[in-house]
Amino acid sequence: MPFDALTLGNPQDGAPTLRLLGLDFADLTLPAVVARLAARPADAPFSYVVTPNADHLVRLARRPALRPLYHEAGLRLLDSRVVARLARLMGLPAPQVVPGSDLVAALVGQAIAPEEPVTILGMPAEAVEVLRRRTGLNRIAHHDPPMGFEHDPAALVAALDFIEAHPARFTFLAVGSPRQCMVANALARRGVARGTGLCIGASLLFLCGLEKRAPQPVQRAGLEWAWRLAADPRRLARRYLVDSPAIVTLLRQEARLRRN
């Protein structure tokens, strides 16, 4: 029987939504999202948040088998000013943009007390210690699974078991996409974990200063991708120069379908 995110106290319930590229995105401001997530109790059935960007949306078009990971999330937020602007230029609806890094910073700064337990999957232990010092969070349960753990049944189960054994109102899944969504979906289906999982990639590294985000004017201009590409061209060149530009074709196709 298919998993139904609505049974999990879905934080997207009742929120205005806009459909884009096959996903129903919550059309909410950052403060509204923070308020919804902060209102979920620590013992609520596990639900998770995804923040697709252009790279994720292109991957979903190429690998449809990944779509349930996003459809079954409790909250879907668009994490791309570029996608939103391109969609509007083509006459498509576009939800408000809530970058995952902004969401994490707001939750840590406004909704999580220093004494509250949090669980982190991913990141080196040294980075977690820096995060602890910079944020004051002092009850962090941390597990850093090995590379390729999603293909190793024992390592994947160990990651799931760790999260279930360390319940927290917020669990940060920082192991990259689509791995973090696979973990979140597996936790929801197992039905043991509680609270809210956040599929947030490198957001905690930005928060603890180990990776630097683009200045605010660059972010507002929709050029954060160019900033990150310049900082790490070897790792990000294919993502931003080869894969992600396919989003233009996907949006054009959707615009044509809606006109017909």
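Reader: How far can I trust it, and how are residues numbered?

Author: This is a predicted model: local features need pLDDT of at least 70, side-chain atom pairs count only at pLDDT 80 or more, and totals for chains, interfaces and linings use all residues. Residues are numbered from 1 along each chain as its sequence is written, and side-chain values use heavy atoms, without hydrogens and water.

Reader: What is the mean pLDDT of the protein?

Author: The mean is 88, and 85% of the residues reach 70 or more. pLDDT is the predictor's confidence in each residue, from 0 to 100.

Reader: Where is the pLDDT below 50?

Author: Over residues 1-8. That stretch has 14 contacts in the model beyond near neighbours in sequence. Contact means heavy atoms within 4.5 Å.

Reader: Sheet next. What is the strand order?

Author: β4-β3-β8-β7-β5-β6, an open sheet of six strands with parallel pairing. Strands (E, at least two residues) and helices (H or I, at least four) are DSSP runs numbered from the N terminus. Two strands pair if DSSP finds at least two bridges between them.

Reader: Which strands are the edges?

Author: β4 (75-76) and β6 (140-143), each pairing on one side only. Four bridges join β6 to the parallel strand β5, residues 118-121. Within that pairing, Thr119 has Ala141 in β6 as its bridge partner.

Reader: Which helix packs there, touching β5 and β6?

Author: Helix α7, residues 153-165, which also touches β7 (170-173). The direction of α7 makes about 175° with that of β6. Angles run from 0 to 180 degrees between N-to-C directions, with axes fitted to C-alpha atoms, for helices over the stretch in contact.

Reader: How do α7 and α8 pack?

Author: At an angle of about 65°, with their axes 10 Å apart. Residues meeting there include Leu156 and Leu160 in α7, and Val183 and Leu187 in α8.

Reader: Now the inside. How many residues has the largest nonpolar core?

Author: 41, and Leu20, Tyr48 and Val183 are among those with the most contacts inside it. A nonpolar core is a set of buried Ala, Val, Leu, Ile, Met, Phe, Trp, Tyr and Cys residues joined through side-chain atoms within 4.5 Å. Buried means under 20% relative accessible area, exposed over 50%, partly exposed in between (1.4 Å probe, protein chains only).

Reader: Which helix gives the most to this core?

Author: α8, with five residues. Val183 is in contact with Leu121, Phe149 and Leu173, among others. A second, separate core of 34 residues includes Leu75 and Val118.

Reader: Leu37: buried or exposed?

Author: Buried, with a relative accessible area of 0%. Leu37 sits in helix α1, residues 30-39. Beyond residues up to four places away in sequence, Leu37 touches Pro11, Val49 and Phe170, among others.

Reader: How far apart are Leu37 and Gly195?

Author: 158 residues in sequence, yet 9.4 Å in space, C-alpha to C-alpha.

Reader: Backbone now. Which peptide bond is cis?

Author: The one from Ser177 to Pro178, with omega near 5°. Pro178 lies in the loop between β7 and α8.

Reader: Which residues have a positive phi without being glycine?

Author: Leu21, at about 55°, and Met123, at about 75°. Leu21 is in the loop between β1 (17-20) and β2. Met123 is in the loop between β5 and α6 (125-135).

Reader: Met123: buried or exposed?

Author: Buried, at 7% relative accessible area. Leu21 counts as buried too, at 10%.
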